Amino acid sequence: MKRYSLFIIIILSILKILVLNSCANIIPPGGGLRDTLPPVLVEALPKDSALHFNAKKITLTFNEYVQLDNSLQTNLIVSPNPDVMPYVSSHLKEVTIRLKDSLKPNTTYAINFGNTLKDVNEGNPYKNFTYVFSTGNTLAGGTLKGKVVLAQTGTSDSTLIVILHNNLNDSAIKRIKPDYYTRLDSAGRFNFRFIANGIYAVYVLPNDYTKKYDDSTKMFSFLNGPVTIDSNEVPEPVMMYAYRAYPENKNANNTSAANTNTANKKKPADTTKTIMLTTNLQRGTQDLLSGITISFNEPLAKFDSSKISLTDTFYHPVTNYKITADTSFKTFTLQYPWKENEYFKLIVQQDAFADSAGKMLAKNDTINFKTSSESEYGSIRLRFADLDLSRNPVLQFVQNDKIVDSVALTKTELYRKLYKPGDYDLRILYDEDKNLTWTPGNFELKKQPEIVIRIPRKLTIKENWDNEVNINL
């Protein structure tokens, strides 16, 4: 009986411990909706849009804790553009602006934070928050809207800025800082506000430290004539096309380091005694629409086309082909009017190519290949509405941001019996000089760049299929 009572006591004790433990596991309440609202300005000292402003410090108080993005230095815009930018800091719910530059009399100033002012918890930005004040008795009301497109591609670049100069001399954009500038949004649009009345030259540049056109490889645009800003009238939106007069040198930053390394390191001796070629043949098959390319890693010094021959499978010579070298002398292309499902041999003799050291191929090389079947291609019939043929339109086929084909359009319909299957972006180049390639502008000659219009729909070409598309420009 005692043993039975002891057993019951032990069981009750275990149950009590389990109940206490389960009570101790507190389940937190479910979370509410995520905060998606930006901070709200509740007080500004001096107040926003203040007149007769003469303070050196501005304190902005928000309804929640705020922070400033690390990109504030490049995204903060003060208009008109000061010699010394203000110092901006944040603490808890306050943002403090300390003005370091002397203020001009009877001038409206706007301090635009872009999207760098955010709440602490969720990082919601107060988009384009702008604080405005005037040292005179009115706020300037001039505005100017517009859009910037990259002339060569028809796309937008939100890293560019639009610049206003009240000095109308061409040299102003090259030697002095701008009076006003503003950012582009993701679609390339811009909107100036609080601009003083006057006449301004309009330019486009990258948002760098100088904000000057001091390098012809910079992206740039200019308006043909100045615009008049009048607070009593809203000017027509302007359209600008940005271009690079000369290609950007992407290796410029690495040049000095590369030179230093090569100066300190002895170039290893080239122990190879032969050169090696590669072709663009895919699994021994030749595309019907292009030539065979023979490529080398380094530029060559010698090329003898008589040492290269194209034959059928019985070694009977084929005529009517042509071999050309590119400007680098590294790639050589054999052009021939291919027909489907034919077999060939490309015979390259050992001494057909040689580099500056006299190195040649290791031996005579015979490359066997066949041509593709027409069923591996699709036909295309493109019809264009509202196409202005007087502007010399050129249709560009683009893959991976690279132009793979350009066709001058002489009528509003394009038909090709054979075309490579795949997805293509389409553009229309208005080719003023009729050379099938885009030509940049020239600021000194006041010549605008040729314009490329991006067609928003993608063209998908299916093999062994009649691909017909109507394109409305």
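1. Strand β31 (residues 393–399) and strand β34 (residues 422–430) run antiparallel and are joined by six bridges. Strands here are DSSP runs of E, at least two residues long, numbered from the N terminus; two strands pair if DSSP finds at least two bridges between them. In this pairing, L395 stands opposite I428 of β34.

2. On the basis of the model: it is predicted, with local features requiring pLDDT of at least 70 and side-chain atom pairs counted only at pLDDT 80 or more, while totals for chains, interfaces and linings use all residues. Residues are numbered from 1 along each chain as its sequence is written, and side-chain values use heavy atoms, with hydrogens and water left out.

3. An open sheet of four strands has the order β32-β31-β34-β35, with antiparallel pairing. Its edge strands, β32 (402–408) and β35 (451–461), each pair on one side only. Neighbouring strands are turned by 25° against each other on average, direction ignored, the axes being lines fitted to C-alpha atoms.

4. The largest nonpolar core holds 26 residues, of which F296, L310, W338, L346 and F353 touch the most other members. Such a core is a set of buried Ala, Val, Leu, Ile, Met, Phe, Trp, Tyr and Cys residues joined through side-chain atoms within 4.5 Å, where buried means under 20% relative accessible area (1.4 Å probe, protein chains only). Elements giving two or more residues to this core include β21 (292–295) and β29 (365–371); the largest share, three residues, comes from β26.

5. Beyond its neighbours within four places in sequence, W338 is in contact (heavy atoms within 4.5 Å) with residues including L288, I292, L310, F344 and F369. Another core, of 23 residues, lies apart; L68, L76, V88 and L99 are among them.

Terms used. Buried < 20%, exposed > 50% of the residue type's maximum accessible area, 1.4 Å probe, protein only. Axes fitted to C-alpha atoms, helices over the stretch in contact; angles between N-to-C directions.
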